[in-house]
Structure formats: structure tokens, C-alpha cells
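The sequence and the model come before the details.

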Amino acid sequence: MLKIGQLAQQSDVSIATLRYYETQGLLQLPARATNGYRLYPPEALKRVQFIRRAQGLGFSLKEIKELLLLQVEANHHSCREVKQVAEDKLDKVRQRIHQLQAIEQALHSLAAKCCGGPEHAVGCSILRELDGQQKVLSK
């Protein structure tokens, strides 16, 4: 059994993060020792590592909760369901990349219009566009 500090250290997350995972239903509430300390089973470390890896791939906590449910009830779900969650995330990532590329183009255009000189910024084209006097980026 691991105390909360041990689990935090071994999983490289803060104690507050572990408590948050508990409140969000991502991590089961641990047993308590007679002194009130939280005692986690060894499987809790694997679960926190799962959560962290999924977060590293951009999954939200809601999506991770769905993946954990699929994992816990793996005998009642198919690989197709798990793959669908991953493909849905991939679609969202691709949409975000497209949005970021549009932002990149708008910023490039914005920066290219500015002289970048030592003049006072009163007439700066970037500030004028951001102030709404000119269109910067369409949504």
C-alpha cells in the first residue's frame, strides 16, 4: 500500500492532483489507515500513469474517464469502441491544427504589414487591426 505522498512522488504528480483525480472519479477513494492516512493499492500507480499518458496525448479528463471505463469493463466493450475514442480525438486535433495554421497565417500577415521601425506606435498597423479598425482573422 502507498501513502498519498509516495504515490505522488512515484507518479510524478502533486498530492493536490491526486485528490483532484479522486473528486473527478478518475481515481478510486483509497482506504484509510487508523491514523487517517490515505492508503492506495499498487494499481493506483498504474492508473495515474495511464491518466498522465492519456493527458500527454491531449485527452481531456472527461475523455480519460471514458477510456478508464472502457478499460475497467473491457470484457463488455470492443476494441472498435476504444479506437473510436482515439479517432474522435484525432479529428479534434486535426481541427485544432487547421485553426492554428489559420492563426499562424493571420499573424504572419499582421506582422508583415508593420514597418517595425522606431516610430511611436500611435499609427502602428498591428495595433489598428487589433483595435478593430481592420480585419485580422475571420472565424
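The sections below take the basis of the model, then the helix pairs, the core and the loops.

## Basis of the model

The model is predicted: local features need pLDDT of at least 70, side-chain atom pairs count only at pLDDT 80 or more, and totals for chains, interfaces and linings use all residues. Residues are numbered from 1 along each chain as its sequence is written, and side-chain values use heavy atoms, with hydrogens and water left out.

Helices (H or I, at least four residues) and strands (E, at least two) are DSSP runs numbered from the N terminus. Two packed helices are described by the angle between their axes and by the distance between the axes. Here the axes are lines fitted to C-alpha atoms, for helices over the stretch in contact, and the angles run from 0 to 180 degrees between N-to-C directions.

## Helix α1 against α3

Helix α1 covers residues 4-11; it packs on α3 with the axes 10 Å apart and at an angle of about 45 degrees. That makes α1 oblique to α3 (angles under 35 degrees count as roughly parallel, over 145 as roughly antiparallel, 65 to 115 as roughly perpendicular and the rest as oblique). The crossing of α1 past α3 is right-handed; a crossing is right-handed if the near helix is turned clockwise from the far one by less than a right angle, and left-handed if anticlockwise.

On the α1 side the contact (heavy atoms within 4.5 Å) is made by L7, Q10 and S11, and on the α3 side by A44, L45, V48 and Q49. By class, this contact of α1 with α3 has four nonpolar, three polar and no charged residues. Ala, Val, Leu, Ile, Met, Phe, Trp, Tyr, Cys and Pro count as nonpolar, Asp, Glu, Lys and Arg as charged, and the others, Gly among them, as polar.

## Helix α4 and its two partners

Helix α3 (residues 43-56) and helix α4 (residues 61-72) have axes that come within 10 Å and cross at roughly 130 degrees. That makes α3 oblique to α4. The crossing of α3 past α4 is right-handed. From α3, the residues R47, F50, I51, A54 and Q55 meet L61, I64, L67, L68, Q71 and V72 of α4. The contact of α3 with α4 contains eight nonpolar, two polar and one charged residues.

The axes of α4 and α5 also come within 10 Å, crossing at roughly 165 degrees. That makes α4 roughly antiparallel to α5. Here α4 passes α5 in a left-handed crossing. E63, E66, L67 and L70 of α4 make the contact with E81, V82, V85, K89 and K92 of α5. Its residues divide into four nonpolar, no polar and five charged.

## The largest nonpolar core

A nonpolar core is a set of buried Ala, Val, Leu, Ile, Met, Phe, Trp, Tyr and Cys residues joined through side-chain atoms within 4.5 Å. The largest one holds 21 residues, of which L7, L18, L27, Y40, V48 and I64 touch the most other members. At least two residues come from each of α1, α2 (15-23), α3 and α4. The largest share of this core, five residues, is supplied by α3.

L7 lies in helix α1 and counts as buried at 0% relative accessibility (buried means under 20% relative accessible area, exposed over 50%, partly exposed in between, with a 1.4 Å probe and protein chains only). Not counting residues up to four places away in sequence, L7 touches L2, L18, L27, Y40, A44, L45 and V48. With neighbours within four places in sequence left aside, V48 is in contact with L7, S11, V13, L18, Y21 and L27.

I64 belongs to helix α4 and is buried, with a relative accessible area of 0%. Apart from neighbours within four places in sequence, the contacts of I64 are L26, I51, A54, Q55 and F59. I64 and A86, 22 residues apart in sequence, are 11 Å apart in space, C-alpha to C-alpha.

## Two loop residues

D12 sits in the loop between α1 and α2 and is exposed, with a relative accessible area of 65%. Most residues other than glycine have a negative phi. The phi of D12 is near 60 degrees, a positive value in a residue other than glycine.

H76 is in the loop between α4 and α5 (79-113). At 65% relative accessibility, H76 counts as exposed. The C-alpha atoms of H76 and A102 are separated by 42 Å, with the two residues 26 apart along the chain.
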